[in-house]
Amino acid sequence: MIEGIFVEGLIYAIMALGVFFTFRILDFPDLTVDGSFPMGAVIMATSLHAGVNPLSGLVMAFCGGVSAGFVTAAIHNKLKVPHLLAGILTMTMLYSVNIRILSNRANLPLLRVDTILTRVHSACEGILSPEIASLIFFILVVLGLKLALDLFFLTDLGLVFGALGNNEQMVRVQGVNPATLKLIGVGLSNGLVALSGAFAAQYQGFADVNLGQGIVVSGLASVMLGEFLIKSNRIWALTLRVVLGAILFKAIMYLGRYYGYYINMTPNDLKLITGVLIIISLAASNYKRLRAKGDA
Amino acid sequence: MIALECITKTFNPGTPGEKTVIRNLSLTADPGDVITIIGSNGAGKTTLFNLISGAVFPSAGEIRMKDRKVTFEPEYRRAMHIGRIFQDPLAGTASNMTIEDNMMITAKKGFRWPKISLNRAMRQKFADLVKTLDMGLETRMKANVSSLSGGQRQALTLLMTVLSGPDILLLDEHTAALDPSNAAMVMEQTQRVIQERSLTTLMVTHNMNHAIAFGNRLIMMDAGEIIVDVKGVEKQDLTREALIQMFADTRKKAFESDEVLLST
Ligand SMILES: Nc1ncnc2c1ncn2[C@@H]1O[C@H](COP(=O)(O)OP(=O)(O)OP(=O)(O)O)[C@@H](O)[C@H]1O
Ligand SMILES: [Mg+2]
């Protein structure tokens, strides 16, 4: 059971890393996520059913997400549409696109197909139980992605991303087109989100076009929870706390789902709880900022 | 190096808020020119810089840079040749990044690929450069820029701007937000780097003494026009009193000619 929380937390951490990239680094609140997450899931499910090997399926899901991000960034850059609206437009269009990808279905089970997880399980057969094998697999995947992201932010290009959310004027004065950076950033972010959706579909055993409802908010909640866990401005710590935040978030949701009935809570209340969690985080960080000002 | 020809800039044309800020202005800066620009508030000095750097586009006229027409070229592209420092010390650096990260960002111009250049040799080079500021910042290369004072930040911005190798330097009252001793220090550094690299420079200042002591040419702007333009020997012999007299004279002349126009 406890492995389940960790695995789900790790899968969602990939999505949360994407949300962290747009919301925190780019300062581009991107709502495409609600569409690109199920997009990753449906691309994965469809390609598995078509007999594509799971690794290629993951790559395709990632690319699908990247292109969804490109669309949002292009709408924002070219038509000067505000971030939020650009994201909502893409997200809405993706709903139809995702149904199309599933050949006019709303969901697709993955029960008797070969997934990345069945491969991992069979590779570890006799050595590790499937639960532990999944856990170790996802720890490695998330660690790998986290390190790749850390490394990216140390590169010349990554550093400019760091400056963009902070001081766009400085980026322009440096001869870099902010629109290009947004395209790359929102693309990469949604690639991660779609990858997360692809893993989620394989873990749950089905893909559903409604998988993404409110996912961006839970990603944001994870990012904010993480910010309470570690105080730092080093990039490796920033990405680490996103991962920890996602696991913590899943744990809270788990508690709400299984023990909530003691206080008359139903699973339908979880979205409300998520929202309240974000509001409390916002209020707490505001309070801290005010306190810091008072001390200075 | 840079030429503006008959530039006019009107904000909000065709609306009640219509405002012509630059009027038929022409200006040519040759390579190595150091031009100081003075003028009252709202004279259009910052707008002139915005036009040169491409942050706003002119309503009429043409801008050329190194013999290339750049009138409507986007800011980021023109920035390949321009180093610009603003009055606000916060504007030139990314505050939540370290000194060395900031320097790495400004170490070159234009788009870059995801490769890691900030290695030990580069760190040493940056530390050595920062040492020339003589502020002890070389021991704080991993500190966030937000922990620096305004004067330190502006001096660092100057260093970073020069590091990126611009051909033209635009300084918009870059010492105005600093206390007198910091301002003097940044001014000194400015003089040093301009001389070292013989940068073509345009510098807006509200300090008459700076305007006179600095550079080989002085321009006074008023109501979107250049009303005084002195260079060479004339500039060297310029005194504060003469400058003030010039300002009064030109304005009076303009006023009189308006009057003449009106009365006929
Ligand atoms: N985007 C804009 N829209 C409308 N009016 C503007 C805009 N930008 C500048 N102006 C106006 O243009 C005039 C000149 O402004 P500018 O900032 O160029 O003056 P300045 O010479 O730099 O003055 P200061 O010495 O105060 O910095 C001002 O009256 C200002 O209100
Ligand atoms: Mg100004």
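This report covers a ligand site, salt bridges and a surface patch in a predicted model.

## Basis

In this predicted model, local features need pLDDT of at least 70 and side-chain atom pairs count only at pLDDT 80 or more, while totals for chains, interfaces and linings use all residues. Residues are numbered from 1 along each chain as its sequence is written, chains are lettered from A and ligands numbered from 1 in the order in which they are written, and side-chain values use heavy atoms, with hydrogens and water left out.

## The site of ligand 1

Ligand 1 is surrounded by 13 residues (a heavy atom within 4 Å). The closest are Lys19(B), Asn41(B), Lys45(B), Thr46(B) and Thr47(B). Helix α1(B) gives the largest share of the shell, three residues. By class, the shell holds three nonpolar, seven polar and three charged residues. Here Ala, Val, Leu, Ile, Met, Phe, Trp, Tyr, Cys and Pro count as nonpolar, Asp, Glu, Lys and Arg as charged, and the others, Gly among them, as polar.

Oxygen atoms of the ligand meet polar backbone atoms of Ala43(B) at 3.2 Å and Gly44(B) at 2.9 Å. An N or O atom in the Lys45(B) side chain is 2.7 Å from a ligand oxygen. Alone, ligand 1 exposes 630 Å², and the protein buries 64% of that (Shrake-Rupley method, 1.4 Å probe).

## Salt bridges

The whole structure has 16 salt bridges over all chains (a Lys or Arg side-chain nitrogen within 4 Å of an Asp or Glu carboxyl oxygen). Lys108(B) pairs with Asp156(A), with the closest N and O atoms 3.1 Å apart. Lys108(B) sits in the loop between α3 (99-106) and α4 (120-131) of chain B, and Asp156(A) in helix α7 (residues 156-166) of chain A, so the pair joins two chains. Asp156(A) is buried at 3% relative accessibility, whereas Lys108(B) is partly exposed at 28% (buried is under 20%, exposed over 50%, partly exposed in between; 1.4 Å probe, protein chains only).

Arg172(A) bridges to Glu168(A) at 3.6 Å. These two are four residues apart in helix α8 (residues 168-173) of chain A, about one helical turn. A network of salt bridges links Glu168(A), Arg172(A), Lys182(A) and Glu75(B).

## A nonpolar surface patch

Leu255(A), Tyr258(A), Tyr259(A), Tyr261(A), Tyr262(A) and Ile263(A) form a nonpolar surface patch with about 740 Å² of accessible area together. Patch residues have over 30% relative accessible area and no salt bridge; like charges are joined within 9 Å, and nonpolar side chains (Val, Leu, Ile, Met, Phe, Trp, Tyr) within 5 Å.

Ile263(A) lies in the loop between α11 (235-259) and α12 (270-295) of chain A. Helices are DSSP runs (H or I, at least four residues) numbered from the N terminus. Ile263(A) is exposed, at 65% relative accessibility.

Terms used
A polar contact is a pair of N or O atoms within 3.5 Å; within protein, one must be able to donate a hydrogen and the other to accept it, and residues adjacent in sequence count only if both atoms are side-chain atoms.
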